[in-house]
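Take a look at the structure below.

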Amino acid sequence: MLGAMTRKLASHAALLFLLTALALRAAAAPSPKRVEFNRDIRPILSENCLYCHGQDPKNRKAGLRLDVREDALAPHDDGTAIVPGKPESSDLITRLASTDKDEVMPPPKSNRRVTPEQAALLRRWIAEGAEYQKHWAFIPPARPALPELSAENSARVRNPIDRFVLARLETEGLAPSPEAAPNAWLRRVSLDLTGLPPTPREIDDFMSDVTARGEAAYEAASDRLLASPHFGERLAIDWLDAARYGDTHGFNNDSGRTMWRWRDWVIDAFNSNKPYDRFITEQLAGDLLPQATLDQRLATGFCRNHVINSEGGIIDEEYRVEYVSDRVRTMSMAWMGLTMECCRCHDHKYDPVTQRDYYRLFSFFNNVPEFGEDGRNGNAAPIMPAPTREQSAELRRAEQGIAAFDAKLEKMRAARDWSDADVEPIKKLAAEAAAKTPEKKQSLYLPCENAQPVRDAWSAVDVAPLSAAGVAGRAWHSDGTSALARIEGKKIKFDKSSLAFWLRPDAENPHDAPLFSNQNYGGVPAGSSYGNGQEIRLVDGEIDVRINQRFPAYALRVVSKGAEIIPGAWRHVTVSWTGGNRAEGVHIFIDGCEVATRIVNDGLTGFPSAVGYLLGADGAADSVKYRGSIDEIRAFDRLLTRAEIHAVFERDALPYALTQILSGDAGVRERGWLRDGALEATDPAWRVEAEQRGEAWEKYLALRRSLPEVMVMSEMAKPRQAYVLTRGNYDAHGEAVSPGAPEELLAPWPAGAPRNRLGLARWLTQPNQPLVGRVVVNRFWAQLFGTGIVKTLADFGSQGEWPSHPELLDWLAREFVDGGWNVKALFRTMVLSATYRQDSKVSAALAARDPENRLLARGPRFRLPAEIIRDQALAISGLLKNRVGGPSVYPYQPEKLYDGLVVAASYPGTHWEPSKGDDLYRRSLYTFWKRTVPHPVMIAFDAPDREFCTVSRSSTNTPLQALALMNEPTFLEASRKLGERMLKEGGADDAARVAMVFELATGRLPFEEETRVLLRTLCRFRDQFNCDPDSARAFLNVGASPVDASLAPADLAACSVVAGMILNLDETISKN
Amino acid sequence: MSCHQYESAFTRRDFLAKTGLGIGAAALAQMLGTEAKASDAATAAAPLFPNFAPKAKRVICLFQSGGPSHLDLFDNKPLLSKRFNEDLPDSVRQGQRITGMVASQARLALQPSKYSFKQSGPGGAWISDLLPHTQAIAGDICVVNSMFTDAINHDPAITFFQTGSQQPGRPSMGSWIDYGLGRMNENLPAFVVLISVATKGGAGQGLLARLWGNGFLPSRYQGVQFRAAGDPVLYLSDPEGMTRDRRRVMLDGIDELNRMQFERVGDPEIETRISQYEMAYRMQSSVPELMDLAGEPQHALDLYGPDVTKPGSFARNCMLARRLAERGTRFIQLYHRDWDHHGELQNRMPSICQDVDQPSAALVQDLKQRGLLDDTLIIWGGEFGRTPYAQGNANREKYGRDHHGKAFSIWMAGGGIRPGIVHGKTDDFGFNVVENGVHIHDLQATILSCLGIDHTKLTYKFQGRQFRLTDVHGEVVRAILT
């Protein structure tokens, strides 16, 4: 058996060699012209020599360097590697030819080999003077002259792309293929620009338009497709791979995250034809743009799409460094086509970039206030709410409504003077408020008069020696030397409960001061109980509520917005927990009115276990202390209503303000309380308005809480120092480095650009950046033609492949960059070119000579991406729900797919509950992307798992694909719906019926021989199902959509089988 | 209407004959198509494998996910009992990093195993009494007590074991081997994955599809999971109403239409597609046949123990592994989950050992009886071991242990492995390797070596660099080879 295997492998390898050799000859054949270093020599040196004789000094053998001309020409120990004009005196040549196994280069054990053809090239190159060139991709592209062509070929040119392609075909002695039929082009371009096939109606319209208007019809069709909202969806698919978008965090726990608003941003960006330099800038640094908009900050989700590890016990810094590294890798690969990550551990072996260059790039991304271990239960900080366009509009409407109320209330206030007549009604109101306090549910009350035991289970001890005038009686006061008090006893239940207190900070306060804390400050982050506990802190005048089981993996943090707690003035604070452990359950009230909040962390799953509190200090060894007063602390073991919270405020606020005003000491704030109190007590109209305003405000806050969240970038106030990490190890700090890019190699730092991510974006998008334009157009090209002009989409370095059409690449890059980074214009030019419009039919001879179609002597033909195969089936069957954007959806997936795979805990994203209704039939780019177990249909058709940046998918052809197309419920349901269409829309004649579905799927009518096969199968199945109608009914029973009962089951089942055949055809799942 | 008017002039057999698509030709077509793709990034001078005469043709990896405690299973350390509850000496730890879970523990208190050990087999391997069946096959296996790895947490450690890199993105061992050696059976995938979880307790750590993923190799090399529930291979079963005969008729239609398209368009991928549909059709019989144990004699079932009747059990999967091995599957990857015994080890260990002990031993014996052990390589072990100190407090009866990558044990058997020996040694604490350390890359190099592959030659060019399973490391452990 083994013998047979070996023989098979041998013949297979020989064949493989032959094919590849042919391909190489086709793509990069040396012409009889002068040898050119970049095209002919660099690939040989890079592959065979530079690993040991390149720029990495640590790896350099014999001190010889071949990547720099001066070094290569310098005399060396016992000879000279390269003597220009004298190959026979050049060691490089003699060592290649040596038969001594100690002499020969490359060494036999290196697995490298220079072919005789390559050796001959090297010899010629040295004979011709051994001229070096800077690597082509590091030289800014210049606009090349358009090549001259034969008259015959000139007539074929539709735009400059064709000139470059035809010129190469002329030198190869090949003719281009004829133009594809208009309907073939329309299907191709529709799939390429929208990911959806043309409808028969669109085909008919286009065919008549072509007859009527010729070329204008092609332009109109391109423009229609480019204007479609599905253009953005189509382009997003590839970018989601590059940007490693996922709906889960990856790694072992692989719990859910919410990033779909960033996906919406991508779709919008392509649809609105956002100039690509803005596309780069906003994703890298939208948060740093002046007056950054919500959309610009949202765009930076790109930098947070990396995987995040929440595995207990990991070393936090190790993973934080991974995330920063991932950003460098993604940015470098997706926009520069550089394999920068090679320099994480050492200088690049092949390209002139160093480890220092790497860590200078690293330092741009190193300043995010983030943790290594995070994201176990939802998004990892930093996060922000990201309303959709509709939600933004709704928010604006709500804000306007509130402003209208406020204007009315303000008018009423303005018309109201304080008078002594108000004293009694105010007193009465205060008494009523006191009566409304639900004292029976009050689990803790500290009047803060002096140290005294409170109730049975509580005691306040260690009261600070200081006290001061309070809101009601005396208050506790701290001068910052010690905690105010320690409260011992049972913990406050932070669930369906409320905590209220007064505070008046002194002028001198730390910007972040603890008010209540029982948080554990022992151990290290990622320690099993690190951060366990609860805190309320005063941070820059805002109330900051933190609840942690373990920090930061299980942490909740909510900060008020607009509390305006200023030194020297009393303010009343109530914090309410509405139940559950989500951040949206935390409500903060200032002076009896709820304020808006900002969620910083939202990862709690249970509650901490710590008991007792420090007041005005925390448990850290070097705790900062709150300076100021605190008074009237009340905890309630049920949730207070809005009215009750207002009452708890008023019961103390009004008597206090009254005393102040009567003694002439009232400030603006106290006067305000009194005026509002007087209005409340005496003016029914005020009550109505205030009540309505309160309701509108509550609705507004609820809306804010319901907004989708997204992880974004933000900069720490003080940047982290970045270091070269020795051998890439997170804890091996080498030389300290400052932010920078490979500027000498590629492009200067733009004058005046800041040394931050925004500056980096400017550096990348300057017109003479040699790589970015080329890399981006090359990837878009590959999207249409299957292979890039540079085949190695992710590597434009010296190990990358020489471009098949270098001038075309440069022309496209210049057009793109100089034309304002206009993506739609680029696609328009490409799809209207004669090159793109060629027929994809290939002769055996051409297929053998150019299997990958690098020379473009024919139109593109390759299998559709996974998403589009499914989307097409949904579209033509009429099942597709074509709404653009929104949260991820859960189409059919085999039951128990996660069994045995996902972690044994119910984190978000570990359970697949199939969607109902429309969401079963959305486009595939909206399918929930679980990185460790992605949807099997996507994986079967070569979608990556998105754990890291991928810029090209493999294209395989496997039996699992056949099984999925034959048996996956979406495809079965689509064939049933197509069967229905066949019967209902296809007319009475079977031939017309099968032709209809065939055209839906392939964009053309079947040939007679094809019709015969389809009809024969239809007829057989109809006979079979007629004899066995139960089996027909069973066959139809797939999918959630109802079976059309008006159709005879046997007939429908037979039609569905034939429709299924059509969905399985190679032509259907290919772009032709 | 009669169907005759649509009948073609030729039958299916004629069709296949005419188009040159016999079974052999289908295999050839498949190679033409997909292998030409595989050359995308491979160099033209892709080396031929095997490089030298292989000892093993196939591999069965019995992966124990979660990190089994070497100190309770294979590495007997009486000193831990003598020095019970003493602190791990700094001279032993030598400042080596420990996980965040115990980093804040005040003490690292030495924790002996509560289980007794017996010396078994000619090499005198110490094997825990929790594994009586393994003790009984000690003469057939090689216990390696000097394994060590770079990672201390599950995800990176298991990814390292299976792909040679702690970070995601590299091809798994099975993918590399499939890529290098190709398939031996045209009706089954070359790389199959079977998963089971502990009978008692829970599933523990998640598994990730990337562990049998193709990384940057073409995705045809990814492992195919055979599932215990539902379709053994996803979408394998035809829907109701679609009998085998009917499927054949439908496939004939698809083949014929694809063939017409090929004749018009000329793209060789279409021929590949036709052959893949044929293979799918064959898999629809071969996989259910494989999964069906009805033909197994009672004595064979008994060998694997009572759990063999339960789909999805480790015992069942071991028997399936043997059946796959018989049919020529190249790489058979089993996982058994829930070895992550941070606490309650005393409750979880006996039960999980019971899950795996008899079936693992049965697999070795069964293969041996069938003459398959000689060319089948078996590897039994997890991603790391566990600490000689307790997680939490030390206690002679109730305890847990944290992750430990500096030393752990595995066993190997079969093709190319010297049976009945013990390789490598740890210090008296079972903390550091002191003799014949075997790094994960060494293990991988050794596995490839058994298959006749020089691990430095099995490479794939990706992003400008030649990658390999062992990165730039790995030494074949000659001492354990026959």
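In this predicted model, the side chains of B:Glu397 and B:Lys114 form a salt bridge, with 3.1 Å from N to O. B:Glu397 sits in the loop between strand 9 (385–390) and strand 10 (401–404) of chain B, and B:Lys114 sits in the loop between helix 6 and strand 2 (117–120) of chain B, so the pair ties together parts that are 283 residues apart in sequence. B:Glu397 is partly exposed, at 44% relative accessible area. B:Lys114 is also partly exposed, at 33%.

Why can such side chains pair? Side chains of opposite charge can do so when their charged atoms come close.

Over all chains, the structure holds 120 salt bridges. Here are some of them.

| Pair | N to O distance |
|---|---|
| B:Glu397 and B:Lys114 | 3.1 Å |
| A:Arg642 and A:Glu698 | 2.7 Å |
| A:Asp810 and A:Arg774 | 2.7 Å |
| A:Glu1010 and B:Arg264 | 2.5 Å |

Take the pairs in chain A. The side chains of A:Arg642 and A:Glu698 meet in a salt bridge. A:Arg642 belongs to helix 20 (residues 642–662) of chain A and A:Glu698 to helix 22 (residues 684–705) of chain A, so this bridge ties together parts 56 residues apart in sequence. A:Arg642 is partly exposed, with a relative accessible area of 28%. A:Glu698 is partly exposed too, at 35%.

Are A:Asp810 and A:Arg774 buried or exposed? Both are buried. Their side chains meet in a salt bridge. A:Asp810 lies in helix 25 (residues 806–818) of chain A and A:Arg774 in helix 24 (residues 772–785) of chain A, so the pair links parts that are 36 residues apart in sequence.

Chain B also has a network. Salt bridges link B:Glu289, B:Glu296, B:Arg322, B:Arg323, B:Glu326, B:Arg327, B:Asp366 and B:Arg370.

Now for the interface. On chain B, 106 residues are in contact with 112 residues of chain A. The two chains bury about 9,300 Å² between them, and 60% of that is on carbon and sulfur atoms. Eight salt bridges cross the interface of chain B and chain A. One joins the side chains of A:Glu1010 and B:Arg264. Several elements of chain B give two or more residues to the side that touches chain A, including helix 2 (23–38), helix 8 (154–163) and helix 11 (268–291). Helix 10 of chain B gives the most, with 14 residues. By class, this side of chain B has 48 nonpolar, 33 polar and 25 charged residues.

Next comes one loop residue. A:Gln133 lies between helix 6 (116–127) and helix 7 (151–154) of chain A. A:Gln133 is partly exposed, with a relative accessible area of 32%. Beyond its neighbours within four places in sequence, A:Gln133 is in contact with A:Glu36, A:Phe37, A:Asn38 and A:Arg42. A polar atom of the A:Gln133 side chain lies 2.8 Å from the backbone nitrogen of A:Asn38. The C-alpha atoms of A:Gln133 and A:Ile41 are 9.9 Å apart, although 92 residues separate the two along the chain.

Last, a helix. Helix 16 (residues 316–336) of chain A has 21 residues. From first C-alpha to last, helix 16 reaches 30 Å, close to the 30 Å expected at 1.5 Å a residue. Of its 21 residues, 20 are buried, so helix 16 of chain A is largely enclosed by the rest of the structure. A:Gly337 follows helix 16 of chain A, and its phi is positive, near 60°.

Definitions and conventions: Residues numbered from 1 in each chain as written. Chains lettered and ligands numbered in written order. Predicted model: local features only at pLDDT ≥ 70, side-chain atom pairs only at ≥ 80, totals over all residues. Heavy atoms only, no water. Helix = DSSP H or I, 4+ residues; strand = E, 2+ residues; numbered from the N terminus. Expected span 1.5 Å × (residues − 1). Buried < 20%, exposed > 50% of the residue type's maximum accessible area, 1.4 Å probe, protein only. Contact = heavy atoms within 4.5 Å. Buried area = accessible area lost by both parts, 1.4 Å probe. Salt bridge = Lys/Arg side-chain N within 4 Å of Asp/Glu carboxyl O. Nonpolar A, V, L, I, M, F, W, Y, C, P; charged D, E, K, R; others polar. Polar contact = N/O pair within 3.5 Å; in protein donor to acceptor, adjacent residues only side chain to side chain.
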